[in-house]
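I set out to look up a few features of this structure and to note down what I found. Before each entry I remind myself what the terms mean.

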Amino acid sequence: MSATRMLVLGTIISMFIFSAVSTGNKRYKETLYAVLDDPEYDVELRPDAGGPPVNISVFVYFSSIHSLSEVSMDYGATLVLSLQWDDPRFEFNGTEDIDLRSGSKLVDRIWTPDLYFVNVKEGKLHEITMSNKHMRIMPGGRILYDMRVTLVLICHLYLHRYPMDRQTCGLEIESFGYTIRDVRLNWDSHTSGVVMSPDVTMSEFQVKDPYNNKSVVDYPSVGQFDKLVCKFDLHRELIFYVMEHYAPSFLLVILSWVSFWLSIEATPARASLGITTALTLTTLSSSARAHMAKVSYTKAIDIWMLVCLIFVFAALLEFALASYLAKKTESLHCSDYFSESSIPLRHLELKDYTAVRTPELIRTDLRINLEEGRTESVRDARRRGYKRLSRTIDKYSRACFPLAFVFFNAIYWPFYLHNYYSKSGSDGNH
């Protein structure tokens, strides 16, 4: 019997609470319609029109950041923008807020700030499954208005140290039509003003915590406007570029040095090796620049590729010089068989040969033999000199090329990695 009484009592209490809530919601709804239907209410006029400016509290929540492009210099972001302000016209007696959900037509009948994103290229308000807008009216006349949008925002990139660079992107907010006499913008004082979701990740960058500031912008002949700016640093991940560009080009340069250890007579092998490494490195350099903006300055990866190309072509030129000297040796060797000055005296046939050897004939014979010996010794010395020189070039190249490349790396990497791993700001002046 007691259980039945408890069930009946619970039902009565539930009906009383539901009736009270329904009555309260109905009363709040009637209050809202009473304000909106008032002939003196004008949705186009800001609160306290003609009086002190309206203070707008702004809060931005980044739910995702994606698709940073070095070519178009922009990035995409999905965020929730929340605005709060006081409108005395909507004050009412009550304890519960009035929520205007997505799709409510009453939202369009309530005054809202005309904020816009200064550095936006494209943007859209999410409409799936309903329009992603929400408004809450509090008893004291405080209004909360938030929306979910996806934007494509301009981000000026400074690529001098690419790919060992650190960039800064951000978001800029202003009022389009209200000067500081009518609307003042401020970051939300209860939070940092800008919050990044812990789930925000980018494949090529480490996303750092955002920070914000405020300034006043003066547009001539228009007026002064509050400007809210939030920024965040992007630290590029280097491992992809090491595996994709730096490591292959490094190995190609080393591969070009193999020709220094090949025989000088192995002309086809050395020529094909030099040409192949040069063409491959040229293709690799072109692919590294294919997805980059056409900037007027030199990037870090451009310097690396250029120096690697210089080393590869220098190795090819070294082979050409050594091969030329070797061919010079062969040409001197072949000319010995066709030069009349080097024909031995015993091969000469004298038609008017006489057994009487006069003193004049003896002196002539001696002079010819001396000139013959001197000619043969000079040519042998030149042939040996060219051959020795070609081998010496290969010998010194085996040491000079690696040492020069190590010296370049000892300058290149510390110079760029010092800024890459430092805790200071990003590249360039933003």
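I looked up the second largest cavity, and in this predicted model its volume is about 30 Å³. For a cavity I take a set of points on a 1 Å grid over the protein atoms alone where a 1.4 Å probe fits but cannot get out, and its lining residues have an atom within 4 Å of a point. The volume is the space filled by probe spheres set on the points, with grid points joined across faces, edges and corners. I noted that Thr31, Leu32, Val35, Phe90, Glu91, Phe92, Ile98 and Ile137 line the second largest cavity, and that the largest share of this lining, three residues, comes from helix H1 (residues 2-36). Helices here are DSSP runs of H or I with at least four residues, strands are runs of E with at least two, and both are numbered from the N terminus.

I then turned to the largest cavity, which has a volume of about 40 Å³; the count comes to two cavities of 30 Å³ or more. Its lining includes Ser256, Arg270, Val312 and Phe319. Helix H3 (267-290) and helix H4 (300-335) each supply at least two residues of this lining, and the largest share, four residues, comes from H4.

Next I followed helix H2 (residues 239-256), which has 18 residues and reaches 25 Å from its first C-alpha to its last, close to the 26 Å expected at 1.5 Å a residue. The expected span is 1.5 Å times one less than the number of residues. I found a kink of about 35° at tyrosine 246, shortly before proline 248, where the bend is the angle between axes fitted to the seven residues ending at a residue and the seven starting there. Among the buried residues of H2 are Tyr241, His245, Tyr246 and Ser256.

My last entry is on glutamine 167, which lies in strand S8 (residues 166-175). Why is glutamine 167 counted as buried? It counts as buried because its relative accessibility is 0%, and buried means under 20% relative accessible area with a 1.4 Å probe and protein chains only. The side chain of glutamine 167 reaches the backbone oxygen of tyrosine 158 at 2.8 Å, and a polar contact of 2.7 Å joins the side chains of glutamine 167 and aspartate 165. A polar contact is a pair of N or O atoms within 3.5 Å; within protein, one must be able to donate a hydrogen and the other to accept it, and residues adjacent in sequence count only if both atoms are side-chain atoms.

For the record, local features need pLDDT of at least 70 and side-chain atom pairs count only at pLDDT 80 or more, while totals for chains, interfaces and linings use all residues. Residues are numbered from 1 along each chain as its sequence is written, and side-chain values use heavy atoms, with hydrogens and water left out.

How values were computed: Buried means under 20% relative accessible area, exposed over 50%, partly exposed in between (1.4 Å probe, protein chains only). On a 1 Å grid over the protein atoms alone, a cavity is a set of points where a 1.4 Å probe fits but cannot get out, and a pocket is an open set with protein on both sides within 12 Å along at least five of seven lines; lining residues have an atom within 4 Å of a point.
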